[in-house]
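Student: I'd like a close look at one helix in this model and at what surrounds it. Could you take me through it slowly?

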Amino acid sequence: MARTHVLAATPLCELLGCRHPLILAGMGGVARSELVAAVSAFGGFGILGMVREPLALIEREVARVRALTDRPFGVNLIPSGTAHALLRSQVDLCIALRVPVVELFWDIDEDVIDRLRAAGITVVHQVGTVHEALHAQAAGAHAIIAQGVEAGGHVRGRQPLLRLLPEVLGCVDVPVAAAGGLADGRDVGQVLAMGAQAAVLGTALMMTTESFAHEVHKQRLVQAASRDVLLTEDFHINWPPLAAVHVLPNAVTRGERGDPFTSERQVIGEEEGRPIYCFSTDSPLRSMTGDLQAMALYAGLGVGRIDDIVPAAVRLQRILQAAAAHLRLVAEAPGALASPVCYAAEVQQGEQAALAGEARALLVLERAAALGVFDAWRHAAQVQRRQCLQRVLDAQARGCAVLVRALRSADAALPEGGRHEEASASGGDASMEALQRTRGDLDERWDALLPRLDAALAAEARQALEARASAWDGLAQHLQRV
Ligand SMILES: Cc1cc2nc3c(=O)[nH]c(=O)nc-3n(C[C@H](O)[C@H](O)[C@H](O)COP(=O)(O)O)c2cc1C
């Protein structure tokens, strides 16, 4: 009989109201009611991709999800990709419809977050950098999605997921989910093992029978290899400038349709009377006709590892099983703790526990320091000072990431959240002074921890600490000059 595995629900699952730590990415056009309901009914968390959609469509799609399942779901909106008046009414509508969760992406719009929170809506923010994660948290997001550069569609940051994720986990204290290139159970198991509280699936769930992507797009995805995927700014109409997307190659990316930025607008398709322009961010949907191959054929870097179109429940079940099996294998792997001599194993366990305790205590302090640096950045008016603080924050995040990895490799939990509101209330210069005072203490703690980390982690920690020392020196010199 086949073994069934389950993935434990996480605090983020509790916050969202789902059973499994698997989230459908809020893909514009593609994640409509049929797919969202299928994911939520399965026990994952479905998010309707409603960027720039008119109110009537949002209302209809929300009603359809509710008719198909009684499980919770979310709505994705993109403030900076939406005209101001439409955005306002989209938010009003989400509030009026009592949508339980709204997921936001791209620039952080503090007013929108405030309004959603005040209405009791859970806010999830997708981000591409640690800096943005801290900003979203400070603005009130209840949870963060760390998007790695492997993601399909719009790509916010440039760091690979496995580098970004531990940095974000180390620096924020709200729950963090991981997105970008997650194609199978092993990928999902890996990010959960690292401490993510859920995996966000875009491309993998676009390749399902329920997704609203056009069959032409789905078939291109089935045939694609990961090396085919391109990062380009060619598809820009409807979006803030300089926004890169991951797509499969087509006439546009080969330059056969002219210059995306200087060519006259050409209509290449239609959706229920609405023109679809060449170089726009629209991807081919079931409801569209026209030159579908010339539209944005979004794909994440995991696409080469998925070769079929199946019902969402089948994809999710496969991922769930394989991810749970991966986590079990990691937990049972013969490693430091599996000594044949019981006494030695106990000693090692004791050492691991002590190491984890110290790493966690240091991470709490480093996290508070990262928050302090971010807070100082927010209050800094001068560009140069901001640049110096940004360098400090980048180095700080690298140190936090080492601690996250040390904790996870000892199978220890990350510190609980809840400190950020109190820490960020301190104000810019006050937090800078507090930081300067704690630097010595942090260095001493690192000195004690470094010899006990494994060699690779210790080497990374040393590099991060050197980078931080040099960034602090740069900041000190700047402060002397002004
Ligand atoms: C077809 C497609 C459309 C997307 N549209 C949106 C969107 O409207 N809003 C959003 O926040 N993210 C959007 N994304 C990005 C996803 O939120 C997520 O980061 C990405 O799908 C994760 O990478 P993966 O596709 O490799 O799983 C889109 C992604 C794809 C593939």
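Student: Which residue with a positive phi follows α4?

Tutor: That residue is Arg98, with a phi near 55°. Before we go further, two notes on reading this entry. This is a predicted model, with local features needing pLDDT of at least 70 and side-chain atom pairs counting only at pLDDT 80 or more, while totals for chains, interfaces and linings use all residues. Residue numbers start from 1 along each chain as its sequence is written.

Let's start with the helix itself. Helix and strand names come from DSSP runs, numbered from the N terminus (helices are H or I, at least four residues; strands are E, at least two). Helix α4 covers residues 84-96, and its 13 residues should span 18 Å at 1.5 Å a residue, which agrees with the 18 Å between its end C-alpha atoms. The expected span here is 1.5 Å times one less than the number of residues.

Now for its two sides. Leu87, Gln90, Val91 and Cys94 are the buried residues of α4. They share one side of α4, because they cover an arc of only 95° around the axis. That arc is taken from the directions from the helix axis to the C-beta atoms. An α-helix has 3.6 residues a turn, so residues three or four places apart point the same way. Ala85 and Ala96, on the other side of α4, are exposed. A residue is called buried with 20 or more other C-beta atoms within 10 Å of its own, exposed with 12 or fewer, and partly exposed in between, the C-beta atoms being placed from the backbone.

What does the buried side meet? The buried residues of α4 pack against α3 (55-68), β3 (73-77), β4 (101-104) and α5 (110-118). Contact is taken as C-beta atoms, placed from the backbone, lying within 7 Å.

Two of those partners, β3 and β4, belong to an open sheet of 8 strands in the order β1-β9-β8-β6-β5-β4-β3-β2, with parallel pairing. At its edges are β1 (22-24) and β2 (46-49), each pairing on one side only. Neighbouring strands of this sheet are turned by 30° against each other on average, direction ignored. Strands count as paired if DSSP finds at least two bridges between them. Angles run from 0 to 180 degrees between N-to-C directions, with axes fitted as lines to C-alpha atoms, for helices over the stretch in contact.

Strand β5 (residues 122-127) pairs with β4 in the parallel sense over 4 bridges, and Val101 has Thr122 in β5 as its bridge partner. The loop between β4 and α5 holds Trp106. Trp106 has a positive phi of about 75° although it is not a glycine, and it is buried, with 22 other C-beta atoms within 10 Å.

Another 2 bridges join β8 to the parallel strand β9 (residues 199-201), where Ala178 has Ala199 as its bridge partner.

Several of these residues return in the largest nonpolar core, which has 151 residues; among those with the most contacts inside it are Ile144, Ala177, Ala178 and Ala199. Helix α13 (residues 383-409) gives the most to this core, with 13 residues. A nonpolar core is a set of buried Ala, Val, Leu, Ile, Met, Phe, Trp, Tyr and Cys residues joined through C-beta atoms within 7 Å. In soluble globular proteins, nonpolar side chains tend to be buried together.

Val168 is also listed among the residues with the most contacts in that core. Leaving aside neighbours within four places in sequence, Val168 is in contact with Val130, Ala133, Ile144, Ala146 and Val176. Val168 is one of the buried residues of α7, a mostly covered helix (residues 161-171) with 9 of its 11 residues buried.

With neighbours within four places in sequence left aside, its contacts are Leu182, Ala199, Ile319 and Ala323.

Note on methods:
Contact = placed C-beta atoms within 7 Å.
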